[in-house]
Amino acid sequence: MAAAAEEALAPAGALGGLVRDFVAGHQDGPAAEVAADVKSGRCTVLQVVEALGSCLENPEPRTRGRGIQLLSQVLLQCHPLLLEKEVVHLTLFYENQLKDHHLVIPSVLQGLRALSMSDVLPPGLAVSVLKAIFQEVHVQSLTQMDRHTVYSIITNFMRTREEGPFVEELFEVTSCYFPVDFTPPPNDPHGIQREDLILSLRAVLASTPRFAEFLLPLLLEKVDSEMLSAKLDSLQTLNACCAVYGQKELKDYLPSLWTSIRREVFQTSSERVEAEGLAALHSLSACLSRSVLEADAEDLLDSFLSSILEDCRHHLCEPDMKLVWPSAKLLQAAAGASARACDRVTSTVIPLLLEQFNRHSQSSQRRTILEMLLGFLKLQQKWGNEDKDEIPLSSFKTPLCSLVSLALADPSTQLQLVGIRALTVLGAQPGLLSTQDLELAIDHLYRLSFLEEESQSCSLAAMEASGTLATLYPTVFISHLVPRLAEELHTGDTELASGEGPSYQARRLRCLQALSAVSTHASIVRETLPMLLQYLRHVHRGKNANSNEVIAVCRSLHLVAGQCQQEPESCWYFHQTAVPCLLALAVQASMPDKDLPNPGKLLLEEEVLAAMVSVISTASTHLSPELAAQSVALVVPLFLDGDVSFLSENSFPSKFLPFQNSSSEQKRLVALLMAFVCSLPKNVEIPQLDRLMQELLTLSCHHDRLFSCTAAAKCFAGLLNKHPAGQQLDEFLQKAMEKVETGLSPGPYRSQAFTLLLWVTKALVLRYHPLSSCLTERLMGLLSDAELGPAAADGFSLLMADCPDVLHRAGHAEIRIMFRQRFFTDSVPALVQGFHAAPQNVKPNYLKGLSHVLNSLPKPVLLPELPTLLSLLLEALSCTDSVVQLSTLSCLQPLLLDAPQVMSLHIDTLVTKFLNLSCSPSMAVRIAALQCIHALTRLPTPVLLPYKMQVIRALAKPLDDKKRLVRREAVTARGAWFLLGSPGS
Amino acid sequence: MVGASSGAGLGGLLENANPLIYQRSGERPITAGEEDDQVPDSIDDREIFDLIRSINDPEHPLTLEELNVVEQVRVKVNDKESTVAVEFTPTIPHCSMATLIGLSIKVKLIRSLPERFKMDVHITPGTHASEHAVNKQLADKERVAAALENSHLLEVVNQCLSARS
């Protein structure tokens, strides 16, 4: 018994302590503790009130305020726990406190805000609270924070409750701030922005349909005013209102609203007003479409759209076409809101536009009309498919098709382009076009695809449209377009002997493009891929083969591979068909065949291999793990053991063993191995990995051509990057480091060893491997190497860049998003230190390495770090390397704007160096230097004045620079220097 | 030279309170040739027009381009012979700002063009009541130099040449 009593007292005692601490002190911590106690049930709200007891009656208003503040903070956290009875008592208590001293009011409002969020607040109390607030407090003279609290209370009530008799009062107290005109004071501790106020006021105003009769006239008045911001705010608020309004609220105001919106769009003074006007019209139309009609009510949507059509249609027909665009935009905004609105508008407008098209004969006018028509067709497409028996647009099909045909046959490229877009939209409407229509369309697209060079945009658009339509109608394209392209490829080819004119070649290239563009459906790929591969075989054996054509075939294959990626079956088909074929051709080319004509070696050229790498890589990244495993079990033995059995043509005069004592031609093909194994998903196991890695390492530091060594190093790095952490990875790394160290010692393989080091470092930096810092250090050490220093400096650029063929995201490489930032933080201090310690002749290498790192990061990330680099940057200004100069200038420019005081200390150096660099042979450096000279004018004027005449005189020279872009910067900079210290600036 | 008349216009009522406003031309698109280090770009009409189109009008918060006071067709440059001729059109025939506008154009060209250029700034024939007198003032080197010694005038010119914020 006694123990229980003690237990009950103990928390009360503790509570009393917390309350005293809070009320007396200036720390807010105890409030959180009390709230936690209430939440956990260790004490009740009632106990808190009791504990506050005397301090709520304290004569000192600050003390009372502090007491209420504590209670309010507890309520803000605990309002869901309150019972209805408690809410009633607390509400009455708080209403009473509204009469208290103004110092107390902010805390009272907070408490009421907490109560307004309670779900058990009895309905009548909301009215009573609002009444008390408006009676006792002059809301308009509260601080922003407190006004915001009042709005929150109102918004909370609006959400759930009837506010009955107070609609107009409430409206007045809130609407007097509309439209919000507020500029945040400097150093505002609350950080309230104008936009915050606009949005919260809008939330209140648009919270209930009951405000409609007061709000709509106000909005109309403000839209009609001269102030841009008032127009915008009113239109946006109207837009928000449409979400809660219905026919009833809008009915009386529709004519005026339409008149105002129409005026704003017709006499548009700003694009934003136009856009907001159109958005508001869209919402009005959506709101009317949504409203449920009473039996005897008029359908307001119909009459509203009728008045819009009435006011706009004649503009569509006027011969001078002055207001056609605004009219079309208004009609489209209204029509876009619902299926019903769309039907109503398009059924009137489409026939009208069809007629107008035929009435005008100039291409430019026809283009405008077709563009408008296109907008309405797209709307039909959006709304058309909703449970209708009839296919939308089918009644207009014949005139629409002939109109599009006219456009496609017109000599104007612009009209053709719109025609192509219209064709795509019509084609996308299921069931609309017949096979005959499509065949006719394909004839047009075929012709447009082969247009002359100057209408390239049109042929590209035609090919893209073929691709889009082919996904929907593959059989028509297979029967009608693919055979013609095949024939075209062939025809161009038979002319080879007689005329190898550029036009034939251009046509063949266009044909290859068209073939890849149309390969957007699995069934089409089965037709086109064999064709492309056959053509590749044919081309590289031909007498007059040239690498451009082989590369063009590879580009087409690459595009098709990309289009196959999303569909697993197509993806596998492509992989299974193309990869063995490409490998077979390459292996064939690498054979030491004396009879093989020279062009057969085409496939071994660096550029051609690069093109093949992207095909193989794209064909491998999206394979499922099972199929990838199946494929890797064939490809790896091909390279390790010369197992050629799976290749499409596999009788070769000698063995293919690129890693053994083979010819350098065979070794080049390691690039293709890389394209495949480095693109596979991470979880695919690679057979004989140990042996493969060993072979790659050996080849990477081989005496062979650099190309094969680099390919081997890249392949090794690509595999290393994805390999899971563990003993095997450590072993690979250890072997690689031994190889690097051996190679770097004086001898013939230093360059190869350096390349290996660079790629291995990149592989580890990307995945945040712990060893990466150690390798980076090794790389930095090479900056002072007499032979490898410059290459090491440029290596930093490779570390930071995205590679197109290996260690890239598409190939599933392990890449941490922030690796560049991390590398910057880890390596820059060491680079700076190295720079200071290095002998004079190698210092530029450090600066260049640093420049590459700085260049790879966005300026805002760098800005906080730059001051610590300042002394280095100032020294770098004297470096003769233009990469260093450019990166230094681009780092200094934001510093001048951001830290003018610090920079002022170096004014003499800065002026001299910048002026020198403004005469650099590199245009980019001259531009950057002049931008810095301009930025100098942000420094305090007294610092600059002694240099004014010198700078103005010196800048006379770049005013006559041979490059316009340089002159432009010189003009800006010189103009700004003239204004320094001069009256009126 | 224009000290007295400019004061009246600046402080008092606007002479032409509701001018017609013309659209600004966009930034000049950058061509591949302009980005090529090796290819020289000659100074052409558009380049000169870009120098003066953004000059602020002394009495409206608008640029000379927006008021159609300057137009690209009224700019003639010959880079080889180092000559520039600019015609400007005051918004109304009795505009007291005409000399001041001409002076601003002239100063902008002096500050922005290589010294080799000979500059001629004058009113579009037939568009201003005191066309001849204004042209004469603008052509007189010494009077232009003297005008820029006058700190009040310099202030107004500098305001016209400051970048709009």
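Trainee: Contact means heavy atoms within 4.5 Å. So what share of the contacts in chain B with a separation of 6 or more comes from residues 24 or more positions apart?
Mentor: The share is 68%. Keep in mind that this is a predicted model.

Trainee: And what is the figure for chain A, for contacts between residues at least 6 apart?
Mentor: In chain A, 72% of those contacts join residues at least 24 apart in sequence.

Trainee: What are the chains built from, starting with how many helices and strands in chain A?
Mentor: Chain A has 50 helices and zero strands. Chain B has seven helices and three strands, and its elements run α-α-α-β-β-α-β-α-α-α from the N terminus.

Trainee: How much of each chain is buried?
Mentor: In chain A, 55% of the 985 residues count as buried. In chain B, buried residues are 48% of 165.

Trainee: Which residues touch the most other members of the largest nonpolar core?
Mentor: B:Ile105 and B:Leu109 do, in a core of 393 residues. The element that gives the most to this core is helix H29 of chain A, residues 568-589, with 14 residues.

Trainee: What does B:Leu109 touch?
Mentor: Leaving out residues up to four places away in sequence, B:Leu109 touches B:Ile48, B:Leu51, B:Ile52, B:Val84, B:Val86, B:Met119 and B:Val121.

Trainee: New topic. How much area do chain A and chain B bury between them?
Mentor: About 2,100 Å², with 48% of that on carbon and sulfur atoms. Chain A puts 21 residues into the contact and chain B puts in 31.

Trainee: How many salt bridges cross that interface?
Mentor: Six. One pair is A:Asp960 and B:Arg116, whose side chains meet at 2.7 Å, N to O. There are also 20 residue pairs in polar contact across the interface.

Trainee: Which elements give two or more residues to the side of chain A that touches chain B?
Mentor: Helix H47 (923-936) and helix H50 (964-979) of chain A. H50(A) supplies the largest share, eight residues. Sorted by class, that side of chain A has nine nonpolar, four polar and eight charged residues.

Trainee: Which residues are linked in a network of salt bridges?
Mentor: A:Arg964, A:Arg967, B:Arg28, B:Glu34, B:Asp44 and B:Glu47.

Trainee: How many salt bridges are there over all chains?
Mentor: A search of the whole structure finds 43. In one of them A:Arg340 pairs with A:Asp299, with the closest N and O atoms 2.8 Å apart. A:Arg340 is in helix H18, while A:Asp299 is in the loop between helix H15 and helix H16 of chain A, so the partners are 41 residues apart.

Trainee: What about A:Arg750 and A:Glu787, and where do they lie?
Mentor: Their side chains form a salt bridge too, at 2.7 Å, N to O. A:Arg750 lies in helix H37 and A:Glu787 in the loop between helix H38 and helix H39 of chain A, so the pair ties together parts 37 residues apart in sequence.

Trainee: Is A:Arg750 buried or exposed?
Mentor: A:Arg750 counts as buried because its relative accessibility is 12%, and the cut-off for buried is under 20%. A:Glu787 counts as exposed, at 55%.

Trainee: Last one. What does B:Arg74 meet in a salt bridge?
Mentor: B:Glu87, at 3.4 Å, N to O. B:Arg74 is in the loop between helix H3 and strand E1 of chain B, and B:Glu87 is in strand E2, 13 residues apart. B:Arg74 is partly exposed at 27% relative accessibility, and B:Glu87 is partly exposed at 21%.

Conventions. Residues are numbered from 1 along each chain as its sequence is written. Chains are lettered from A and ligands numbered from 1 in the order in which they are written. This is a predicted model: local features need pLDDT of at least 70, side-chain atom pairs count only at pLDDT 80 or more; totals for chains, interfaces and linings use all residues. Side-chain values use heavy atoms; hydrogens and water are left out. A nonpolar core is a set of buried Ala, Val, Leu, Ile, Met, Phe, Trp, Tyr and Cys residues joined through side-chain atoms within 4.5 Å. Buried means under 20% relative accessible area, exposed over 50%, partly exposed in between (1.4 Å probe, protein chains only). Helices (H or I, at least four residues) and strands (E, at least two) are DSSP runs, numbered from the N terminus. Buried area is the accessible area (1.4 Å probe) that two parts lose on being put together, summed over both. A salt bridge is a side-chain nitrogen of Lys or Arg within 4 Å of a carboxyl oxygen of Asp or Glu. A polar contact is a pair of N or O atoms within 3.5 Å; within protein, one must be able to donate a hydrogen and the other to accept it, and residues adjacent in sequence count only if both atoms are side-chain atoms. Ala, Val, Leu, Ile, Met, Phe, Trp, Tyr, Cys and Pro count as nonpolar, Asp, Glu, Lys and Arg as charged, and the others, Gly among them, as polar.
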